[in-house]
Amino acid sequence: MSRPLRVALIGCGNIAVNSHLPAFLADPARYQVVAVADPTAERLEIAREAAGLRPEQAFTDPLRAITSPDVDVVDVCTPQHLRRDLLVSA
């Protein structure tokens with residue numbers, strides 16, 4: 001069996017933390033959350049703790065998470081007007 005896909009969760013709002021993140025965590029054979037990113041420190045910390053990540057796996061700059069060599073999949077959960085540039089970067 002191949003290794004799980006390594007996921008970066010960009011944007012740590014309610015949908016990301018209460019829906020996307022639990023779905024990834026519920027299927028560890030397929031997904032491993034390896035990074036979270038959000039400009040709001042409180043939301044970033046909530047997601048980091050929920051994902052069980054180390055502080056160095058949490059980014060205020062989403063491009064640092066997107067360009068990490070440890071990431072296979074980028075899940076962009078930001079407000080719509082912020083998505084385009086992140087998707088192009090991914």
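Student: Which strand does Val 7 lie in?

Tutor: Val 7 lies in strand S1, where strands (E, at least two residues) and helices (H or I, at least four) are DSSP runs numbered from the N terminus. This is a predicted model, in which local features need pLDDT of at least 70 and side-chain atom pairs count only at pLDDT 80 or more, while totals for chains, interfaces and linings use all residues. Residues are numbered from 1 along each chain as its sequence is written, and side-chain values use heavy atoms, with hydrogens and water left out.

Student: Is Val 7 buried or exposed?

Tutor: Val 7 is buried, at a relative accessible area of 0%; buried means under 20%, exposed over 50%, and partly exposed in between, with a 1.4 Å probe and protein chains only.

Student: And what does Val 7 touch?

Tutor: Leaving out residues up to four places away in sequence, Val 7 touches several residues, including Phe 24, Tyr 31, Val 34 and Val 73, contact being heavy atoms within 4.5 Å.

Student: Which strands does S1 pair with?

Tutor: S1 (residues 5-10) pairs in the parallel sense with S2 (residues 31-37) over six bridges, and also in the parallel sense with S4 (residues 73-76) over four bridges; pairing requires that DSSP finds at least two bridges between the strands. Arg 6 has Gln 32 in S2 as its bridge partner, whereas the partner of Leu 9 in S4 is Asp 75.

Student: Switching to H1, which of its residues are buried?

Tutor: In H1 (residues 14-25), the buried residues are Ala 16, Val 17, Leu 21 and Phe 24. Seen down the helix axis, they fall within an arc of 80°, so they line one face of H1, the arc being that of the directions from the axis to the C-beta atoms.

Student: What do those buried residues pack against?

Tutor: They pack against S1, S2, helix H2 (41-51) and S4, while the face of H1 turned away from its buried side carries the exposed residues Asn 14, Ile 15 and Asn 18.

Student: How many aromatic pairs does a search of the whole structure find?

Tutor: The search finds one: Phe 24 and Tyr 31 are edge-to-face, 5.1 Å centre to centre with 65° between the planes. Rings of Phe, Tyr and Trp (its six-membered ring) pair if their centres lie within 6.5 Å, and planes under 30 degrees apart count as stacked, over 60 as edge-to-face and the rest as tilted.

Methods: Right-handed = clockwise from strand over helix to strand, strands pointing away.
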